[in-house]
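Dear colleague,

I am passing on the structure we spoke about, and my notes on it follow below. Please read them alongside the coordinates.

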Amino acid sequence: MRYQIRGTPEFNNTVSDNISLGGIGFINDKFITPKTLIMLEINVLSRILRPVGKIAWASSLPRSDKYRIGTEFLEL
């Protein structure tokens with residue numbers, strides 16, 4: 001999947017670790033502050049979904065320099 005923080009020009013690639021009707025979780029190299037709005041591009045069954053989401057929570061992964069990020073879908 002790819003994401004773009006709303007208001008910035010760059011897209012970042014990452015890997016999702018879970019998805020549901022309400023949101024998506026992913027592992028990321030950078031911390032993203034909760035309540036940040038992001039644009040997503042998710043490849044599911046050869047289709048690209050482009051929901052708008054809000055970061056619900058972020059936590060550091062133990063023994064790693066990465067973060068687990070939880071995102072709530074606002075628009076699909």
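Contact here means heavy atoms within 4.5 Å. On that basis, and not counting residues up to four places away in sequence, Leu40 touches Met1, Arg2, Tyr3, Ile24, Leu49, Arg50, Pro51, Thr71 and Phe73.

This is a predicted model, in which local features need pLDDT of at least 70 and side-chain atom pairs count only at pLDDT 80 or more, while totals for chains, interfaces and linings use all residues. Residues are numbered from 1 along each chain as its sequence is written, and side-chain values use heavy atoms, with hydrogens and water left out.

Leu40 also belongs to the largest nonpolar core, which has 11 residues, among them Met1, Tyr3, Ile24 and Phe73; such a core is a set of buried Ala, Val, Leu, Ile, Met, Phe, Trp, Tyr and Cys residues joined through side-chain atoms within 4.5 Å. Buried means under 20% relative accessible area, exposed over 50%, and partly exposed in between (1.4 Å probe, protein chains only). Strand 4 (23–28), strand 5 (37–44) and strand 8 (67–75) each supply at least two residues of this core, and strand 5 gives the most, with 3 residues; strands are DSSP runs of E, at least two residues long, numbered from the N terminus.

Lys54, by comparison, is placed in strand 7 (residues 52–60) and counts as partly exposed, at 28% relative accessibility. Leaving aside neighbours within four places in sequence, Lys54 is in contact with Lys35, Thr36, Leu37, Gly70, Thr71, Glu72 and Leu74.

Leu49 lies in strand 6 (residues 47–49) and is partly exposed, with a relative accessible area of 32%.

Best regards

Definitions and conventions:
Helices (H or I, at least four residues) and strands (E, at least two) are DSSP runs, numbered from the N terminus.
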